[in-house]
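Visitor: I would like to learn how to read the strands and helices of a model with some care. Could we take them one feature after another?

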Amino acid sequence: MQAITRDPSPPTTTLGYALFATRWLQAPLYFGLVAAQGVYVYKFFNELWALILRCITGQATETYVMLAVLKLVDVVMIANLLIMVIVGGYETFVSRIGLQGHRDQPEWLSHVNSNVLKVKLATAIVGISSVHLLQMFVDVHHTARHSLLWGTVIHMAFIVSAAILAYMSGPMAAHAERAHHRDHRADDSEPVRPPAAVSIPAQAGPPPAETGAEERIRAAGFPARKALEEFDAEHPRAFDRETVARLGKLDFVAAHGNVVFVGPPGTGKTHLAVGLGVRACQAGRRVLFDTAAGWAARLAGAQAAGRLDEELTALDDCPLLIVDEVGYVPFDADTSRLFFQLVAHRYERGSLIVTSDRPLERWDEVFGGPAAPAMVDRLAHHAEIVRLEGESYRMRRATSEWAG
């Protein structure tokens, strides 16, 4: 048997890895900022206690109270700035923080980068400067005129610099994105999809194989494996990218909320539903996927066997159920009652993702009998409704292939 030999790593690669590893030298700096955060907590309560004592003893004038409160606000804003630098800077320059799926994950952290961080820091500095300037005007009788003048000039300089930075960050980010996709297109013969990761952030956390995610994905019954990051965000003529990005954090699953994707065939409803389902599997949650017709057959079979209640209870083990293609097949009154029982049983107990070609107010065209209004009421109560508009992606692709 011939021995397999591996070429040693090129010196440039080894050097690059070594240089990249030096990012951990920044970690103690962020722990130092954590200590500074503690100092500001102490300062806040020290100022608050002094204010309370002055108020109790009757020594606090209206001006003093206003200045003391502004000082407390100033401390809080600086502490907010610190936490933004600590969390955002560590995430951007040192190491990813595995907060995916955590209900308290900050919205800005999911798409943080150096440009976003700089703009947010500049905005926070403008806010802090505003508080300082307001303190000067509140205590204007004890503030020198030149201090007011220079305070105003410095504050305006902060505003102008923040505005310029915000203006420049957009083109810079777009230019970097275009350069990235040009490089990707040069190395890949496959067609490059438009960048969806900007609005649908990639999932952070351990690899799926380490958490049993692959088993959950196989057991879910997805028709194909789709990822949110692969969604062609520029194909639908209109859809709420920010809502989909927020749904990607899976907070709705923890809150037992629902998601309804509404749009014509081929606009990506199933892709988004499967992408959320796959991400839920990767986050440690069990998911079941089926079409509306498949769920109808499953529930009807359970009812015929006299175990519908047991089936609904067993589905409680799955935090997320996906019902695809509602509206393509009409259901009679008996089947509509089964769907109502499913939705009612999971109301504020589990999450549903539903895809449909028609809005909820037209579901009486799909579900016969009186069950449709009550089912829609429960489904929509804690639901995010995402509407997608546009032509069929499959038809567009088939037409382009035929034309080519």
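Visitor: Which residues point one way from β1, which point the other way, and are they buried or exposed?

Guide: This is a predicted model, in which local features need pLDDT of at least 70, side-chain atom pairs count only at pLDDT 80 or more, and totals for chains, interfaces and linings use all residues. Residues are numbered from 1 along each chain as its sequence is written, and side-chain values use heavy atoms, with hydrogens and water left out. Helices (H or I, at least four residues) and strands (E, at least two) are DSSP runs numbered from the N terminus, and buried means under 20% relative accessible area, exposed over 50% and partly exposed in between, with a 1.4 Å probe and protein chains only. In β1, N258, V260 and V262 point one way, V259 and F261 point the other way, and all are buried. Because 5 of the 5 residues of β1 are buried, this strand is largely enclosed by the rest of the structure.

Visitor: How many strands form the sheet, and in what order?

Guide: Strands of a sheet pair through backbone hydrogen bonds, either parallel or antiparallel. Two strands are taken to pair if DSSP finds at least two bridges between them. Here 5 strands form an open sheet in the order β2-β3-β4-β1-β5, with parallel pairing. The edge strands, each pairing on one side only, are β2 (287–291) and β5 (383–387). Neighbouring strands are turned by 10 degrees against each other on average, direction ignored; the axes behind such angles are lines fitted to C-alpha atoms, for helices over the stretch in contact, and angles run from 0 to 180 degrees between N-to-C directions.

Visitor: Is β4 mostly covered or open, and which way do its residues point?

Guide: Strand β4 (residues 351–356) is mostly covered, with 6 of its 6 residues buried. S351, I353 and T355 point one way, whereas L352, V354 and S356 point the other way. With β3 (residues 320–326), β4 pairs in the parallel sense over 5 bridges, and L320 stands opposite S351. The chain passes from β3 to β4 through helix α12 (residues 333–346), and this β-α-β crossover is right-handed, a term used if, with the strands pointing away from the viewer, the path from the first strand over the helix to the second runs clockwise.

Visitor: Where do the axes of α10 and α12 come within 10 Å, and at what angle do they cross?

Guide: The axes of α10 (residues 292–304) and α12 cross at roughly 90 degrees, and the two helices are therefore roughly perpendicular to each other (under 35 degrees counts as roughly parallel, over 145 as roughly antiparallel, 65 to 115 as roughly perpendicular and the rest as oblique). Their contact, meaning heavy atoms within 4.5 Å, is made by A292, W295, A296, L299, A300 and Q303 of α10 and by T335, L338, F339 and L342 of α12.
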